[in-house]
Amino acid sequence: MMRFLLLFSRQGKLRLQKWFTPMSEREKKKIIRDMTTMVLARQPRSCNFLHWKDLKVIYKRYASLYFCLAIENQENELIALEVIHRYVELLDKYFGNVCELDIIFNFEKAYFILDEFLIGGEIQETSKQMVNRSIEASDMLQEVRCAGTHSHTQHETWLASVV
Amino acid sequence: MPAPIRLRELIRTIRTARTQAEEREMIQKECAAIRSSFREEDNTYRCRNVAKLLYMHMLGYPAHFGQLECLKLIASQKFTDKRIGYLGAMLLLDERQDVHLLMTNCIKNDLNHSTQYVQGLALCTLGCMGSSEMCRDLAGEVEKLLKTSNSYLRKKAALCAVHVIRKVPELMEMFLPATKNLLSEKNHGVLHTSVVLLTEMCERSPDMLAHFRKLVPQLVRILKNLIMSGYSPEHDVSGISDPFLQVRILRLLRILGKSDDDSSEAMNDILAQVATNTETSKNVGNAILYETVLTIMDIKSESGLRVLAINILGRFLLNNDKNIRYVALTSLLKTVQTDHNAVQRHRSTIVDCLKDLDVSIKRRAMELSFALVNGNNIRGMMKELLYFLDSCDPEFKADCASGVFLAAEKYAPSKRWHIDTIMRVLTTAGSYVRDDSVPNLIQLITNSVEMHAYTVQRLYKALLDDISQQPLVQVASWCIGEYGDLLVSGQCEEEEPIQVTEDEVLDVLEGLLVSNLSAAVTRGYSLTAIMKLSTRFSGVNRIKKVVSIYGSSIDVELQQRAVEYNALFKKYDHMRPALLERMPIMEKSASNGPTEIVQTNGETEPSVVDSKHPPPVSQPANQANDLLDLLGGNDVVPVIQTTVPTKPASAGGELLDLLGDLSLSGVPTPAPSVATSQPSFLLDGLSSQPLFNDIAAAAIPPMTAYNKNGLKIDFTFERANPNPNVAVITIHASNSTEADMTDFVFQAAVPKTFQLQLLSPSSNVVPALNQGTVTQVIRVLNPQKQQLRMRIKLTYTLKGSPVQDLAEVNNFPPQSWQ
């Protein structure tokens, strides 16, 4: 299973954290520090795999964001790279040419998308379209159930009006 | 109260902060606003506030006061609220806090909600962070949803079940019926999660594994369809249909086929098919091939298939993609034991990877190279590995050097080659060589009798070039001390003998003594070597002079040696030749792997002790693995009873105890001094405790202060840093009577010139029958260094009646107050 997924910028600022095992706040902070230090220190042309404690850490840089996924030792690293790539594709489809700012300002949606893709450290849906459809439908549900907001076609505007 | 600011607004504002302090100020202001909003139980904006709180939490600020609000959001009817509420629960709550249990009821209701997206939220949250209690309570609901026809819910329920099983393995049984027709689903999401669920069950229970073996044909069929089917837009990734599912199925097949011939047989064809048909131009294809290889290697596959797998790995090694090369090296490392010959075929490619730029790849290649070394390829491999040692990063050098030594020892084609290899390592990576290599090498050199002259000559020449690499210098000094006579007599057969005079040799050794580059240990080696040369060289006067000079050295270790060597010259000169005689051949048992630290093997210790102490004349070559045996087993030889000097600063208390009672056979330097010079060898083998840390502190022996009516009080001492006038005494009170001593109070009084501070005791009940002790720390300030005296008063209750006693403590050891 996957143990955690972290997204952070080149300066080490955390943009998303998903933990699949229970951990104290202090442990989480330490792990985030360790990961950012280790990953940011890597040479540009190194391989994307690291060893950390008893886990394998797979990281990949997309534009200004580092995606850092820790998996257990018996997992397949190469498919983990594909998992990261799939998540980026899902974000890209949802936001339209996703960039770091999208994830900063809409972090809760990044989480919602992740939660339609992974549960408990495992993949729940392998089809891009299915994940997208679920997200869109959930977004619609927010709209419908919200009293007093008129319907929009843009996700941005009406979700913004609530939160 | 104005409406709380929107989330995006807050994010925008916080991002304008120039400094950390500014950001903190903004956050605190907003937190205060959010807190008051929470207090007002504002339903409309709770969602917005919690979302803002989550943002601030991500920045690293505390957000625990929002936990209950998340629960309220979950309980709300609005979908927006629930969405943010569940997200907050996953981020802020965890199973260590009882608060999370309040969620259980909400989740239960939501699992039965009419809207599937609400059910989905509940399943997702439960599957990500459900605690064991929650899982127990809700497993039934999950099981129900596992049987639904709604594929959206079914896939989530499957992963939720996986989580439940991970948390509460006993509940696995209840999900068994629901797995009946999971694999007949067409929906890939459900298929994937079902395979995950089946994998989890099979991994945890051999019974389940046996039960699910019958699914192998079905799995093979599904996999076949995935490969053979045409383009499917929904699941396609670079021309491959649903690689995630393929990988998962391959993994389940691996588990099912592991020790089972029939299952392995049934999957042979499909594995061969996947291995040959998968497109390898992109990472995704290679991911599938990788999983296939792992499966082939793990099940009982036929040899043709195994060779196919290793060849795939060999091809991976030539791939441009670093990740693929890394993965190949890792897998080959795993298979090198079982399929050694097949991996050997790729040896040259592996060796080429030593030159790779990537650090992880280099490390794997190095480990694999060492695994591939055998008698046939030793010369070629060693050439490559030595070249690697020359040019690699410092982080590799220690491991590489150890590996080279090990390989050389196992497969050396000739003694001369072996010594040359060692020399090469010492001269190129001499400072990275592990400490335990020095005694190993010394032992090796001793045993290569015919090479002594050659070895000492080469080492001497190396010393002339460079004295900075300590292990090299240590080995060289030892050899010169041992074989210096061969060096000056110019007896070398293997190469051109060099002309060296006795004075030149002594110059070099003395140079080591005074050089700043020499470590203390090295100096010890050097002095002993000089001493040994007194029986091998003709001129003794220079040596006598050196030895007497160092009799007043500041370095205690050197001083002790020099003083004792001096004594050898003065009083025991008749013994000197026998004591300093040539070493016999040492026995040594098999050594460990390159990456293991040589510890807890008693074998290494005897050779260390031997090399430090010239043993008496007819010492039998002991196979002794035990330090005690070695030292005690020399009773045959006439011994000189040298009393072990009580130098508490030079050895840990334990070591003294061990050796203090033994008759050390005529050894001029008593064993405790060995401990100080070679701490890691002796002590490692004796105990895993860092004895050496005790050495500084164990200077003052403990004492019994009071022992009456079953109550015994011991004092242990340490010197408090930084103030040496303060003695820190720890009292240990133990009770040998049958009943506990309760309300135990220890009081102490000291003469006026002292100051006393009593810290709180560990407890005031001293358990009966020595089952435990009460400890308490006393700090005594003794600025006038007067003899420490103390009056103590003890009060306790034993079997209901109070007991009180006064006593004087006068038997403090001198070290505690001097």
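Reader: Does Lys18(A) count as buried or exposed?

Author: Quick note first: this is a predicted model, where local features need pLDDT of at least 70, side-chain atom pairs count only at pLDDT 80 or more, and totals for chains, interfaces and linings use all residues. Residues are numbered from 1 along each chain as its sequence is written, chains are lettered from A in the order in which they are written, and side-chain values use heavy atoms, leaving out hydrogens and water. Buried means under 20% relative accessible area and exposed over 50%, with partly exposed in between (1.4 Å probe, protein chains only). Because its relative accessibility is 4%, Lys18(A) counts as buried.

Reader: Okay, and which side chain does Lys18(A) join in a polar contact?

Author: A polar contact is a pair of N or O atoms within 3.5 Å; within protein, one must be able to donate a hydrogen and the other to accept it, and residues adjacent in sequence count only if both atoms are side-chain atoms. For Lys18(A), the side-chain contact is 2.9 Å, and the partner is Asp115(A).

Reader: Which residues of chain B is Lys18(A) in contact with?

Author: Contact just means heavy atoms within 4.5 Å. Leaving aside neighbours within four places in sequence, the list for Lys18(A) includes Tyr111(A) and Leu114(A), and from chain B, Met90(B) and Cys128(B).

Reader: How many salt bridges are there between chain A and chain B?

Author: A salt bridge is a side-chain nitrogen of Lys or Arg within 4 Å of a carboxyl oxygen of Asp or Glu. Lys156(B) and Glu116(A) make one at 3.2 Å, N to O. Between chain A and chain B, the count is nine.
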